[in-house]
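Trainee: I'm new to reading protein models. Please take me through this one step by step.

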Amino acid sequence: MIPCVQKRGSRTVGLIFYLYEPGRCEEHTDPHLVADWDAFAPDPGRHPDATYADLAQLLDQPVDALSPSRRPDQHVWHLSVRAAPEDPHLTDEQWADIARRMVAATGIAPTGDDSACRWAAVRHADDHIHIIATLVREDGRRPRLNNDAARAQAEARLLEAEYGLRQLNPGDGTAAKRPTSAERHKAERENRPQAPREELRETVRHAAAGTVNETEFFDRLTAAGLLVHQRTAPSGDLLGYKVALPDDRNHDGEPVFYAGSTLAPDLSLPKIRKRWTTSGPEGSTDADTAAGPRWPGAAGARRHATTAMWQALLVIDHGTDEQIAARIAGAGEVLDALATTSAAPTRHELRRAAFLFERATRSHTQAAHGHDRALRQAARELVRSGPVLGHGEDGATTAMVIDMAFFLITAAAHWHARKNHAQQAAAGRQSAEHLRNAYWTAAQQPMAALHQRVQQLTQSRLQRQAAHIHMAVPELAGQILAEPGWHALAAALADAEGVGHDPMLLLHEATARRELDTADSVSDVLAWRLRRAADLPADGQQKLVVRRAGSSTQHVTGPVADRPQERRKAR
(Lines give C-alpha, C1' and ligand atoms only; values in the text may rest on other atoms or scores of the structure.)
Protein backbone atom coordinates (compact mmCIF):
# COMPACT_ATOMS: atom_id res chain seq x y z
CA MET A 1 0.00 0.00 0.00
CA ILE A 2 1.43 3.33 -1.08
CA PRO A 3 0.17 6.57 0.52
CA CYS A 4 1.34 9.72 -1.24
CA VAL A 5 0.88 13.26 0.10
CA GLN A 6 0.28 15.45 -2.95
CA LYS A 7 1.16 19.08 -3.46
CA ARG A 8 -1.15 21.40 -1.53
CA GLY A 9 -3.66 23.53 -3.42
CA SER A 10 -5.92 26.52 -3.05
CA ARG A 11 -9.13 25.44 -4.85
CA THR A 12 -11.19 22.82 -3.06
CA VAL A 13 -13.79 22.63 -5.81
CA GLY A 14 -11.10 22.12 -8.43
CA LEU A 15 -9.76 18.98 -6.73
CA ILE A 16 -13.30 17.67 -6.19
CA PHE A 17 -14.00 18.19 -9.89
CA TYR A 18 -10.94 16.10 -10.77
CA LEU A 19 -11.89 13.30 -8.39
CA TYR A 20 -15.44 12.97 -9.68
CA GLU A 21 -14.96 13.54 -13.40
CA PRO A 22 -14.15 10.58 -15.73
CA GLY A 23 -10.49 11.54 -16.13
CA ARG A 24 -8.45 12.07 -19.24
CA CYS A 25 -8.44 8.36 -20.12
CA GLU A 26 -11.84 7.51 -18.61
CA GLU A 27 -9.93 5.88 -15.76
CA HIS A 28 -12.33 7.17 -13.07
CA THR A 29 -15.30 4.83 -12.67
CA ASP A 30 -18.19 5.11 -10.20
CA PRO A 31 -16.70 7.96 -8.12
CA HIS A 32 -18.30 8.18 -4.67
CA LEU A 33 -17.57 8.95 -1.04
CA VAL A 34 -16.54 6.09 1.22
CA ALA A 35 -15.99 8.18 4.37
CA ASP A 36 -15.98 11.80 5.58
CA TRP A 37 -15.67 13.89 8.71
CA ASP A 38 -19.28 13.49 9.93
CA ALA A 39 -20.89 10.82 7.69
CA PHE A 40 -23.44 13.34 6.38
CA ALA A 41 -21.49 15.10 3.64
CA PRO A 42 -23.25 15.36 0.27
CA ASP A 43 -21.97 12.85 -2.28
CA PRO A 44 -22.15 14.16 -5.87
CA GLY A 45 -21.49 10.65 -7.13
CA ARG A 46 -24.49 9.01 -5.49
CA HIS A 47 -27.03 11.81 -4.85
CA PRO A 48 -28.44 13.58 -7.92
CA ASP A 49 -29.14 16.78 -5.99
CA ALA A 50 -25.61 17.08 -4.57
CA THR A 51 -23.11 19.21 -6.47
CA TYR A 52 -19.37 19.63 -6.38
CA ALA A 53 -19.90 23.15 -5.03
CA ASP A 54 -22.03 21.82 -2.16
CA LEU A 55 -19.30 19.48 -0.99
CA ALA A 56 -16.58 22.11 -1.47
CA GLN A 57 -18.57 24.71 0.47
CA LEU A 58 -18.96 22.44 3.49
CA LEU A 59 -15.28 21.50 3.45
CA ASP A 60 -14.29 25.17 3.22
CA GLN A 61 -16.56 26.46 6.00
CA PRO A 62 -13.84 26.51 8.73
CA VAL A 63 -11.51 28.29 6.29
CA ASP A 64 -14.14 30.85 5.26
CA ALA A 65 -14.92 31.57 8.91
CA LEU A 66 -11.48 33.12 9.34
CA SER A 67 -10.68 36.67 8.34
CA PRO A 68 -8.94 36.86 4.95
CA SER A 69 -5.62 37.75 6.59
CA ARG A 70 -5.65 34.55 8.66
CA ARG A 71 -6.61 32.12 5.90
CA PRO A 72 -3.79 29.90 4.65
CA ASP A 73 -2.86 30.43 1.00
CA GLN A 74 -2.65 26.71 0.26
CA HIS A 75 -5.40 25.21 2.39
CA VAL A 76 -6.27 22.04 0.42
CA TRP A 77 -4.55 18.86 1.61
CA HIS A 78 -4.61 15.79 -0.67
CA LEU A 79 -3.53 12.21 0.08
CA SER A 80 -3.82 9.28 -2.33
CA VAL A 81 -3.68 5.72 -0.98
CA ARG A 82 -3.08 2.94 -3.52
CA ALA A 83 -3.07 -0.84 -3.11
CA ALA A 84 -0.68 -3.12 -5.01
CA PRO A 85 -1.98 -4.87 -8.15
CA GLU A 86 -1.72 -8.29 -6.49
CA ASP A 87 -3.60 -7.21 -3.33
CA PRO A 88 -7.11 -8.60 -2.69
CA HIS A 89 -10.12 -6.48 -3.57
CA LEU A 90 -11.03 -4.10 -0.75
CA THR A 91 -14.65 -3.15 -0.03
CA ASP A 92 -15.93 0.38 0.53
CA GLU A 93 -16.11 -0.35 4.26
CA GLN A 94 -12.47 -1.42 4.32
CA TRP A 95 -11.37 1.66 2.38
CA ALA A 96 -13.40 3.79 4.80
CA ASP A 97 -11.51 2.28 7.74
CA ILE A 98 -8.20 2.90 5.91
CA ALA A 99 -9.19 6.54 5.29
CA ARG A 100 -10.10 7.16 8.96
CA ARG A 101 -6.82 5.67 10.15
CA MET A 102 -4.83 7.73 7.63
CA VAL A 103 -6.36 11.07 8.68
CA ALA A 104 -5.83 10.11 12.32
CA ALA A 105 -2.21 9.12 11.79
CA THR A 106 -1.28 12.20 9.78
CA GLY A 107 -2.85 14.69 12.20
CA ILE A 108 -5.75 15.79 9.98
CA ALA A 109 -8.37 14.26 12.28
CA PRO A 110 -6.89 12.55 15.37
CA THR A 111 -9.14 9.92 16.92
CA GLY A 112 -11.60 11.45 19.39
CA ASP A 113 -10.88 15.05 18.33
CA ASP A 114 -14.26 16.71 17.69
CA SER A 115 -12.62 19.94 16.48
CA ALA A 116 -10.44 18.37 13.81
CA CYS A 117 -10.21 19.32 10.15
CA ARG A 118 -12.98 18.45 7.71
CA TRP A 119 -12.13 15.76 5.19
CA ALA A 120 -13.66 13.37 2.67
CA ALA A 121 -12.43 10.17 1.01
CA VAL A 122 -13.38 9.56 -2.63
CA ARG A 123 -13.09 6.21 -4.40
CA HIS A 124 -13.12 6.25 -8.19
CA ALA A 125 -11.20 2.99 -8.88
CA ASP A 126 -10.91 -0.46 -7.34
CA ASP A 127 -7.33 -0.06 -6.16
CA HIS A 128 -7.11 3.39 -4.54
CA ILE A 129 -8.82 6.28 -2.78
CA HIS A 130 -8.17 10.02 -2.53
CA ILE A 131 -8.54 11.94 0.73
CA ILE A 132 -9.20 15.67 0.52
CA ALA A 133 -9.06 17.89 3.61
CA THR A 134 -9.04 21.59 4.40
CA LEU A 135 -6.26 22.79 6.69
CA VAL A 136 -8.24 24.78 9.25
CA ARG A 137 -9.74 23.00 12.23
CA GLU A 138 -13.27 23.61 13.52
CA ASP A 139 -11.78 25.68 16.34
CA GLY A 140 -9.92 27.91 13.87
CA ARG A 141 -6.47 26.52 14.57
CA ARG A 142 -4.11 24.86 12.10
CA PRO A 143 -3.50 21.09 12.26
CA ARG A 144 -0.10 19.75 13.23
CA LEU A 145 1.12 18.04 10.09
CA ASN A 146 4.81 17.63 10.84
CA ASN A 147 6.12 14.56 8.95
CA ASP A 148 2.64 13.73 7.68
CA ALA A 149 4.10 11.73 4.77
CA ALA A 150 6.29 9.60 7.06
CA ARG A 151 3.39 8.99 9.44
CA ALA A 152 1.18 7.92 6.53
CA GLN A 153 3.85 5.44 5.44
CA ALA A 154 4.15 4.03 8.96
CA GLU A 155 0.38 3.56 9.19
CA ALA A 156 0.39 1.87 5.77
CA ARG A 157 2.84 -0.76 7.04
CA LEU A 158 0.44 -1.57 9.89
CA LEU A 159 -2.56 -1.73 7.54
CA GLU A 160 -0.71 -4.08 5.17
CA ALA A 161 -0.19 -6.58 7.97
CA GLU A 162 -3.75 -6.33 9.26
CA TYR A 163 -5.45 -6.63 5.86
CA GLY A 164 -3.10 -9.25 4.42
CA LEU A 165 -1.78 -6.92 1.72
CA ARG A 166 1.62 -6.95 0.07
CA GLN A 167 4.05 -5.66 2.67
CA LEU A 168 6.40 -2.99 1.39
CA ASN A 169 9.74 -2.13 2.93
CA PRO A 170 9.72 0.91 5.20
CA GLY A 171 11.60 3.87 3.76
CA ASP A 172 13.96 6.37 5.34
CA GLY A 173 13.28 9.46 3.23
CA THR A 174 16.31 9.04 0.97
CA ALA A 175 14.52 7.50 -2.03
CA ALA A 176 14.11 9.34 -5.32
CA LYS A 177 10.68 10.85 -5.93
CA ARG A 178 8.25 8.51 -7.64
CA PRO A 179 6.39 9.61 -10.78
CA THR A 180 3.07 11.22 -9.94
CA SER A 181 -0.18 9.66 -11.10
CA ALA A 182 -0.47 12.36 -13.76
CA GLU A 183 3.02 11.50 -15.02
CA ARG A 184 2.18 7.79 -15.10
CA HIS A 185 -1.07 8.34 -16.98
CA LYS A 186 0.67 10.61 -19.47
CA ALA A 187 3.33 7.95 -20.08
CA GLU A 188 0.61 5.36 -20.68
CA ARG A 189 -1.21 7.61 -23.15
CA GLU A 190 2.03 8.19 -25.06
CA ASN A 191 3.02 4.48 -24.93
CA ARG A 192 6.25 5.20 -23.06
CA PRO A 193 7.90 2.24 -21.32
CA GLN A 194 8.61 4.45 -18.29
CA ALA A 195 7.66 7.89 -17.05
CA PRO A 196 9.89 10.77 -18.26
CA ARG A 197 11.06 11.36 -14.68
CA GLU A 198 12.45 7.81 -14.48
CA GLU A 199 13.97 7.90 -17.95
CA LEU A 200 15.69 11.20 -17.18
CA ARG A 201 16.99 9.95 -13.84
CA GLU A 202 18.53 6.90 -15.49
CA THR A 203 20.02 8.93 -18.35
CA VAL A 204 21.52 11.57 -16.04
CA ARG A 205 23.06 8.89 -13.78
CA HIS A 206 24.66 7.21 -16.78
CA ALA A 207 25.94 10.55 -18.06
CA ALA A 208 27.45 11.43 -14.66
CA ALA A 209 29.29 8.11 -14.32
CA GLY A 210 33.03 8.68 -14.54
CA THR A 211 32.89 12.41 -15.30
CA VAL A 212 35.53 14.76 -13.87
CA ASN A 213 34.12 18.26 -14.50
CA GLU A 214 31.05 20.24 -15.48
CA THR A 215 31.99 20.52 -19.14
CA GLU A 216 32.22 16.76 -19.58
CA PHE A 217 28.98 16.20 -17.64
CA PHE A 218 26.93 18.65 -19.69
CA ASP A 219 28.48 17.44 -22.94
CA ARG A 220 27.34 13.92 -22.10
CA LEU A 221 23.83 15.09 -21.28
CA THR A 222 23.62 16.81 -24.66
CA ALA A 223 25.11 13.79 -26.44
CA ALA A 224 22.43 11.61 -24.81
CA GLY A 225 19.80 13.70 -26.61
CA LEU A 226 18.50 15.66 -23.60
CA LEU A 227 17.52 19.30 -23.56
CA VAL A 228 19.69 20.99 -20.93
CA HIS A 229 19.11 24.33 -19.21
CA GLN A 230 21.79 25.70 -16.89
CA ARG A 231 20.83 28.06 -14.07
CA THR A 232 23.40 30.78 -13.42
CA ALA A 233 23.76 33.53 -10.84
CA PRO A 234 24.11 37.22 -11.81
CA SER A 235 27.83 36.77 -11.26
CA GLY A 236 27.90 34.07 -13.94
CA ASP A 237 28.47 31.21 -11.47
CA LEU A 238 26.63 28.01 -12.31
CA LEU A 239 23.99 27.21 -9.67
CA GLY A 240 22.16 24.21 -11.07
CA TYR A 241 20.65 22.55 -14.10
CA LYS A 242 17.47 20.98 -15.39
CA VAL A 243 16.83 18.54 -18.21
CA ALA A 244 13.96 17.48 -20.44
CA LEU A 245 13.17 14.89 -23.08
CA PRO A 246 12.76 16.51 -26.52
CA ASP A 247 9.40 14.78 -27.08
CA ASP A 248 7.94 15.39 -23.61
CA ARG A 249 5.79 18.52 -23.92
CA ASN A 250 3.12 20.23 -21.85
CA HIS A 251 -0.24 21.60 -23.07
CA ASP A 252 1.49 24.69 -24.44
CA GLY A 253 3.94 22.61 -26.45
CA GLU A 254 6.88 23.52 -24.21
CA PRO A 255 9.42 20.96 -22.92
CA VAL A 256 8.79 19.63 -19.40
CA PHE A 257 12.01 20.25 -17.47
CA TYR A 258 13.09 18.48 -14.28
CA ALA A 259 15.80 19.83 -11.99
CA GLY A 260 18.53 17.35 -11.13
CA SER A 261 17.67 17.51 -7.43
CA THR A 262 14.05 16.50 -8.19
CA LEU A 263 15.20 13.43 -10.13
CA ALA A 264 17.22 12.08 -7.19
CA PRO A 265 18.86 13.63 -4.12
CA ASP A 266 22.37 12.77 -5.36
CA LEU A 267 21.83 14.23 -8.85
CA SER A 268 21.81 17.86 -7.78
CA LEU A 269 24.76 19.82 -9.13
CA PRO A 270 26.40 20.28 -5.69
CA LYS A 271 26.19 16.51 -5.03
CA ILE A 272 27.66 15.67 -8.45
CA ARG A 273 30.45 18.20 -7.88
CA LYS A 274 31.45 16.24 -4.78
CA ARG A 275 32.32 13.33 -7.05
CA TRP A 276 34.78 15.53 -8.93
CA THR A 277 36.56 16.68 -5.76
CA THR A 278 36.94 13.16 -4.40
CA SER A 279 40.38 12.38 -2.99
CA GLY A 280 41.50 10.17 -0.18
CA PRO A 281 43.31 7.05 1.02
CA GLU A 282 43.06 4.31 -1.57
CA GLY A 283 46.73 3.35 -1.87
CA SER A 284 46.30 -0.41 -1.89
CA THR A 285 44.01 -0.29 -4.90
CA ASP A 286 46.34 1.97 -6.86
CA ALA A 287 49.24 -0.32 -6.12
CA ASP A 288 47.35 -3.37 -7.23
CA THR A 289 46.19 -1.83 -10.50
CA ALA A 290 49.68 -0.57 -11.27
CA ALA A 291 51.22 -4.04 -10.96
CA GLY A 292 51.55 -6.48 -13.82
CA PRO A 293 51.23 -5.89 -17.55
CA ARG A 294 49.04 -3.12 -18.86
CA TRP A 295 45.91 -4.61 -20.40
CA PRO A 296 44.77 -2.15 -23.07
CA GLY A 297 41.30 -0.92 -23.96
CA ALA A 298 38.03 -2.25 -22.63
CA ALA A 299 39.62 -5.43 -21.22
CA GLY A 300 42.03 -3.37 -19.13
CA ALA A 301 39.23 -1.13 -17.87
CA ARG A 302 37.23 -4.16 -16.79
CA ARG A 303 40.22 -5.64 -14.99
CA HIS A 304 40.74 -2.35 -13.15
CA ALA A 305 37.06 -2.29 -12.18
CA THR A 306 37.27 -5.90 -10.96
CA THR A 307 40.25 -5.08 -8.73
CA ALA A 308 38.59 -1.93 -7.39
CA MET A 309 35.47 -3.89 -6.48
CA TRP A 310 37.57 -6.62 -4.83
CA GLN A 311 39.15 -3.98 -2.60
CA ALA A 312 35.68 -2.58 -1.84
CA LEU A 313 34.57 -6.05 -0.75
CA LEU A 314 37.39 -6.13 1.81
CA VAL A 315 36.29 -2.75 3.16
CA ILE A 316 32.68 -3.91 3.55
CA ASP A 317 34.00 -6.72 5.76
CA HIS A 318 36.24 -4.59 7.98
CA GLY A 319 35.59 -0.87 7.32
CA THR A 320 33.56 1.73 9.17
CA ASP A 321 29.98 2.47 8.18
CA GLU A 322 31.05 5.74 6.55
CA GLN A 323 33.72 3.99 4.48
CA ILE A 324 31.27 1.28 3.44
CA ALA A 325 28.66 3.86 2.39
CA ALA A 326 31.27 5.52 0.16
CA ARG A 327 32.13 2.19 -1.52
CA ILE A 328 28.46 1.41 -2.11
CA ALA A 329 27.94 4.79 -3.79
CA GLY A 330 31.01 4.15 -5.93
CA ALA A 331 29.70 0.70 -6.84
CA GLY A 332 26.55 2.33 -8.18
CA GLU A 333 28.65 4.48 -10.49
CA VAL A 334 30.54 1.41 -11.75
CA LEU A 335 27.22 -0.30 -12.53
CA ASP A 336 26.07 2.79 -14.43
CA ALA A 337 29.30 2.72 -16.46
CA LEU A 338 28.94 -1.00 -17.18
CA ALA A 339 25.34 -0.47 -18.31
CA THR A 340 26.40 2.15 -20.86
CA THR A 341 29.35 0.18 -22.28
CA SER A 342 28.06 -3.38 -22.29
CA ALA A 343 27.49 -5.50 -25.39
CA ALA A 344 23.95 -6.17 -26.59
CA PRO A 345 23.51 -9.62 -24.96
CA THR A 346 24.04 -8.28 -21.43
CA ARG A 347 22.88 -4.69 -21.84
CA HIS A 348 19.29 -5.11 -20.69
CA GLU A 349 20.13 -7.01 -17.51
CA LEU A 350 22.95 -4.61 -16.60
CA ARG A 351 20.73 -1.58 -17.13
CA ARG A 352 18.09 -3.10 -14.86
CA ALA A 353 20.72 -3.94 -12.26
CA ALA A 354 22.03 -0.36 -12.28
CA PHE A 355 18.49 1.09 -12.24
CA LEU A 356 17.50 -0.95 -9.19
CA PHE A 357 20.76 -0.51 -7.27
CA GLU A 358 20.37 3.27 -7.48
CA ARG A 359 18.07 3.00 -4.44
CA ALA A 360 20.79 1.21 -2.47
CA THR A 361 23.39 3.95 -3.02
CA ARG A 362 21.73 6.36 -0.56
CA SER A 363 21.02 6.10 3.14
CA HIS A 364 21.34 8.34 6.17
CA THR A 365 24.88 7.04 6.73
CA GLN A 366 27.18 9.82 5.56
CA ALA A 367 29.76 8.52 3.07
CA ALA A 368 33.39 9.18 4.03
CA HIS A 369 34.94 11.68 1.67
CA GLY A 370 37.50 10.23 -0.71
CA HIS A 371 36.90 6.54 -0.06
CA ASP A 372 35.12 6.01 -3.37
CA ARG A 373 38.02 7.29 -5.48
CA ALA A 374 39.16 3.93 -6.89
CA LEU A 375 35.64 2.89 -7.89
CA ARG A 376 34.88 6.24 -9.50
CA GLN A 377 38.20 6.08 -11.39
CA ALA A 378 37.26 2.58 -12.54
CA ALA A 379 33.91 3.91 -13.77
CA ARG A 380 35.70 6.63 -15.70
CA GLU A 381 38.01 4.11 -17.39
CA LEU A 382 35.03 1.95 -18.32
CA VAL A 383 33.29 4.86 -20.00
CA ARG A 384 36.42 6.11 -21.75
CA SER A 385 37.24 2.63 -23.09
CA GLY A 386 33.92 2.61 -24.92
CA PRO A 387 31.56 -0.25 -25.82
CA VAL A 388 32.96 -3.78 -25.69
CA LEU A 389 32.82 -6.70 -28.05
CA GLY A 390 31.05 -9.79 -26.83
CA HIS A 391 33.92 -12.20 -27.47
CA GLY A 392 37.64 -12.73 -26.85
CA GLU A 393 39.37 -10.98 -23.97
CA ASP A 394 36.70 -8.24 -23.92
CA GLY A 395 33.93 -10.79 -23.49
CA ALA A 396 35.84 -12.79 -20.90
CA THR A 397 36.71 -9.75 -18.78
CA THR A 398 33.06 -8.69 -18.98
CA ALA A 399 32.10 -11.98 -17.33
CA MET A 400 34.90 -11.44 -14.79
CA VAL A 401 33.76 -7.95 -13.80
CA ILE A 402 30.07 -8.92 -13.63
CA ASP A 403 30.99 -11.85 -11.38
CA MET A 404 32.80 -9.50 -9.01
CA ALA A 405 29.98 -6.94 -9.18
CA PHE A 406 27.49 -9.62 -8.13
CA PHE A 407 29.43 -10.33 -4.94
CA LEU A 408 29.96 -6.64 -4.15
CA ILE A 409 26.28 -5.83 -4.58
CA THR A 410 25.35 -8.91 -2.51
CA ALA A 411 27.70 -7.76 0.26
CA ALA A 412 26.14 -4.29 0.08
CA ALA A 413 22.67 -5.80 0.46
CA HIS A 414 23.83 -7.76 3.52
CA TRP A 415 25.26 -4.59 5.09
CA HIS A 416 22.04 -2.66 4.47
CA ALA A 417 20.04 -5.52 6.01
CA ARG A 418 22.22 -5.43 9.14
CA LYS A 419 21.57 -1.69 9.41
CA ASN A 420 17.80 -2.17 8.97
CA HIS A 421 17.83 -0.27 5.66
CA ALA A 422 14.94 -2.32 4.31
CA GLN A 423 14.42 -0.61 0.95
CA GLN A 424 18.14 -0.47 0.19
CA ALA A 425 18.61 -4.14 1.09
CA ALA A 426 15.72 -5.16 -1.14
CA ALA A 427 17.10 -3.06 -4.00
CA GLY A 428 20.50 -4.72 -3.61
CA ARG A 429 18.99 -8.21 -3.73
CA GLN A 430 16.94 -7.39 -6.83
CA SER A 431 19.96 -5.86 -8.54
CA ALA A 432 22.05 -8.94 -7.75
CA GLU A 433 19.51 -11.18 -9.49
CA HIS A 434 19.86 -9.16 -12.71
CA LEU A 435 23.64 -9.34 -12.38
CA ARG A 436 23.37 -13.09 -11.99
CA ASN A 437 21.40 -13.29 -15.25
CA ALA A 438 23.90 -11.02 -17.00
CA TYR A 439 26.77 -13.16 -15.80
CA TRP A 440 25.38 -16.39 -17.23
CA THR A 441 24.89 -14.67 -20.57
CA ALA A 442 28.40 -13.18 -20.59
CA ALA A 443 30.14 -16.31 -19.29
CA GLN A 444 28.83 -18.87 -21.77
CA GLN A 445 31.44 -18.36 -24.49
CA PRO A 446 34.57 -17.72 -22.36
CA MET A 447 33.76 -20.55 -19.93
CA ALA A 448 33.25 -22.92 -22.86
CA ALA A 449 36.67 -21.93 -24.22
CA LEU A 450 38.30 -22.42 -20.82
CA HIS A 451 36.53 -25.75 -20.47
CA GLN A 452 38.22 -26.90 -23.66
CA ARG A 453 41.59 -26.06 -22.15
CA VAL A 454 41.42 -28.95 -19.74
CA GLN A 455 41.85 -31.32 -22.67
CA GLN A 456 45.36 -29.91 -23.09
CA LEU A 457 46.33 -30.86 -19.53
CA THR A 458 47.83 -34.24 -18.73
CA GLN A 459 46.00 -36.47 -16.30
CA SER A 460 48.75 -36.04 -13.71
CA ARG A 461 48.51 -32.24 -13.89
CA LEU A 462 44.74 -32.41 -13.56
CA GLN A 463 45.11 -34.62 -10.50
CA ARG A 464 47.64 -32.19 -9.01
CA GLN A 465 45.15 -29.30 -9.39
CA ALA A 466 42.48 -31.42 -7.71
CA ALA A 467 44.93 -32.09 -4.85
CA HIS A 468 45.44 -28.33 -4.47
CA ILE A 469 41.68 -27.92 -4.08
CA HIS A 470 41.47 -30.65 -1.43
CA MET A 471 44.29 -29.08 0.58
CA ALA A 472 43.21 -25.43 0.23
CA VAL A 473 39.44 -25.76 0.69
CA PRO A 474 38.61 -29.28 1.93
CA GLU A 475 35.10 -28.25 2.93
CA LEU A 476 34.31 -27.14 -0.67
CA ALA A 477 36.38 -29.66 -2.59
CA GLY A 478 33.58 -32.14 -3.24
CA GLN A 479 31.25 -29.46 -4.55
CA ILE A 480 33.91 -27.80 -6.71
CA LEU A 481 35.12 -31.02 -8.36
CA ALA A 482 31.53 -31.99 -9.22
CA GLU A 483 30.68 -28.67 -10.89
CA PRO A 484 30.89 -28.13 -14.67
CA GLY A 485 33.15 -25.14 -14.03
CA TRP A 486 35.84 -27.29 -12.42
CA HIS A 487 37.64 -27.69 -15.73
CA ALA A 488 37.89 -23.91 -16.16
CA LEU A 489 39.25 -23.64 -12.61
CA ALA A 490 41.80 -26.40 -13.30
CA ALA A 491 42.98 -24.49 -16.39
CA ALA A 492 43.32 -21.31 -14.31
CA LEU A 493 45.36 -23.13 -11.66
CA ALA A 494 47.60 -24.62 -14.34
CA ASP A 495 48.14 -21.23 -16.01
CA ALA A 496 48.91 -19.58 -12.66
CA GLU A 497 51.36 -22.32 -11.76
CA GLY A 498 52.92 -22.06 -15.21
CA VAL A 499 53.84 -18.39 -14.70
CA GLY A 500 55.35 -18.94 -11.27
CA HIS A 501 52.44 -18.42 -8.84
CA ASP A 502 51.76 -20.62 -5.84
CA PRO A 503 48.32 -22.21 -6.48
CA MET A 504 47.75 -22.82 -2.77
CA LEU A 505 48.37 -19.18 -1.89
CA LEU A 506 46.04 -17.99 -4.65
CA LEU A 507 43.30 -20.38 -3.54
CA HIS A 508 43.54 -19.26 0.08
CA GLU A 509 43.18 -15.64 -1.01
CA ALA A 510 40.32 -16.36 -3.39
CA THR A 511 38.30 -18.38 -0.87
CA ALA A 512 38.67 -15.94 2.01
CA ARG A 513 35.25 -14.46 1.22
CA ARG A 514 32.00 -15.39 2.92
CA GLU A 515 29.93 -14.57 -0.21
CA LEU A 516 30.95 -17.88 -1.79
CA ASP A 517 27.86 -19.45 -0.25
CA THR A 518 25.70 -17.26 -2.53
CA ALA A 519 27.46 -18.43 -5.71
CA ASP A 520 25.67 -20.68 -8.18
CA SER A 521 29.06 -22.11 -9.22
CA VAL A 522 31.95 -21.84 -6.78
CA SER A 523 34.37 -23.10 -9.42
CA ASP A 524 33.38 -20.28 -11.80
CA VAL A 525 33.95 -17.71 -9.08
CA LEU A 526 37.35 -19.10 -8.14
CA ALA A 527 38.43 -19.34 -11.79
CA TRP A 528 37.79 -15.62 -12.32
CA ARG A 529 39.36 -14.65 -8.99
CA LEU A 530 42.51 -16.63 -9.78
CA ARG A 531 42.83 -15.08 -13.23
CA ARG A 532 42.43 -11.62 -11.73
CA ALA A 533 44.85 -12.19 -8.85
CA ALA A 534 47.47 -13.87 -11.06
CA ASP A 535 47.00 -11.29 -13.83
CA LEU A 536 46.20 -14.09 -16.31
CA PRO A 537 44.35 -13.60 -19.60
CA ALA A 538 40.64 -13.91 -18.94
CA ASP A 539 40.08 -15.92 -22.11
CA GLY A 540 43.18 -18.07 -21.55
CA GLN A 541 44.62 -17.28 -24.98
CA GLN A 542 46.44 -13.95 -24.77
CA LYS A 543 49.99 -13.00 -23.82
CA LEU A 544 51.18 -14.15 -20.40
CA VAL A 545 54.06 -13.01 -18.25
CA VAL A 546 56.44 -15.68 -16.92
CA ARG A 547 57.75 -14.61 -13.53
CA ARG A 548 61.37 -15.57 -12.97
CA ALA A 549 63.41 -15.63 -9.83
CA GLY A 550 65.27 -12.47 -10.88
CA SER A 551 63.87 -9.10 -11.78
CA SER A 552 63.37 -9.84 -15.47
CA THR A 553 60.22 -11.23 -17.01
CA GLN A 554 59.53 -12.93 -20.31
CA HIS A 555 56.39 -12.46 -22.43
CA VAL A 556 55.13 -15.59 -24.16
CA THR A 557 52.15 -16.11 -26.44
CA GLY A 558 49.40 -18.64 -25.80
CA PRO A 559 48.61 -20.68 -22.68
CA VAL A 560 51.78 -21.45 -20.73
CA ALA A 561 50.26 -24.75 -19.64
CA ASP A 562 50.56 -25.88 -23.26
CA ARG A 563 54.38 -25.55 -23.33
CA PRO A 564 56.30 -27.76 -20.88
CA GLN A 565 59.59 -26.00 -21.67
CA GLU A 566 58.12 -22.68 -20.44
CA ARG A 567 56.85 -24.35 -17.29
CA ARG A 568 60.36 -25.63 -16.57
CA LYS A 569 61.83 -22.16 -17.13
CA ALA A 570 59.25 -20.62 -14.85
CA ARG A 571 60.10 -23.03 -12.05
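Mentor: Let's start with burial: a residue is buried at under 20% relative accessible area, exposed at over 50%, and partly exposed in between, using a 1.4 Å probe and protein chains only. Take Y439: its relative accessible area is 6%, so it counts as buried. W440, on the other hand, is partly exposed, because its relative accessibility is 36%.
Before we go on, this is a predicted model, where local features need pLDDT of at least 70 and side-chain atom pairs need pLDDT 80 or more, while totals for chains, interfaces and linings use all residues. Residue numbers start from 1 along each chain as its sequence is written, and side-chain values use heavy atoms, with hydrogens and water left out.

Trainee: What percentage of the residues of the protein chain count as buried?

Mentor: 55% of the 571 residues do. As for the surface, the protein chain exposes about 25,400 Å², and 50% of that comes from carbon and sulfur atoms; such areas are worked out by the Shrake-Rupley method with a 1.4 Å probe, and for residues only the protein chains shown count as cover.

Trainee: Next, how many helices and strands does the protein chain have?

Mentor: There are 22 helices and 10 strands. These are DSSP runs, numbered from the N terminus: helices are H or I with at least four residues, strands are E with at least two.

Trainee: Now sheets, please. What is the order of the strands in the open sheet of 5?

Mentor: Two strands pair if DSSP finds at least two bridges between them. Here the order is β1-β3-β5-β4-β2, and the pairing is antiparallel. The edges are β1 (2–5) and β2 (32–36), each pairing on one side only. On average, neighbouring strands in this sheet are turned by 25° against each other, ignoring direction.

Trainee: How many bridges join β3 to β5?

Mentor: Antiparallel strands β3 (residues 76–82) and β5 (residues 128–134) are joined by 7 bridges. Look for V81, whose bridge partner in β5 is I129. Over at β2, 4 bridges join this strand to β4, again antiparallel, and L33 stands opposite V122 in β4.

Trainee: Why is β2 described as largely enclosed by the rest of the structure?

Mentor: Because 5 of its 5 residues are buried. There's a helix to find by this sheet as well: α2 (residues 52–64) lies across β4 (119–125) and β5, at about 30° to β5. Angles like that run from 0 to 180 degrees between N-to-C directions, with axes fitted to C-alpha atoms, for helices over the stretch in contact.

Trainee: What order do the strands take in the open sheet of 3?

Mentor: That one goes β6-β7-β8, with antiparallel pairing. Its edge strands, β6 and β8, each pair on one side only. β6 (residues 227–232) pairs with β7 over 6 bridges; among the partners are Q230 with Y241 and V228 with V243. The two strands form a hairpin with 5 residues between them, and G236 in the turn has a positive phi of about 95°.

Trainee: And what joins β7 to β8?

Mentor: 2 bridges do, to β8 (residues 258–259), and V243 turns up again here, with Y258 as its bridge partner in β8. β7 (residues 238–244) is mostly covered, with 5 of its 7 residues buried.

Trainee: Which residues do ring pairs link into a cluster?

Mentor: F217, F218, Y241 and W276.

Trainee: Last one: which charged end sits over the ring of F407?

Mentor: The rule here is NZ of Lys or CZ of Arg within 6 Å of the ring centre and within 35 degrees of the ring normal. Over F407 sits the charged end of R529, 4.9 Å from the ring centre. K242 lies over the face of F257, at 5.4 Å from the ring centre.

Note on methods: Contact = heavy atoms within 4.5 Å. Phe/Tyr/Trp six-rings, centres within 6.5 Å; stacked < 30°, edge-to-face > 60°.
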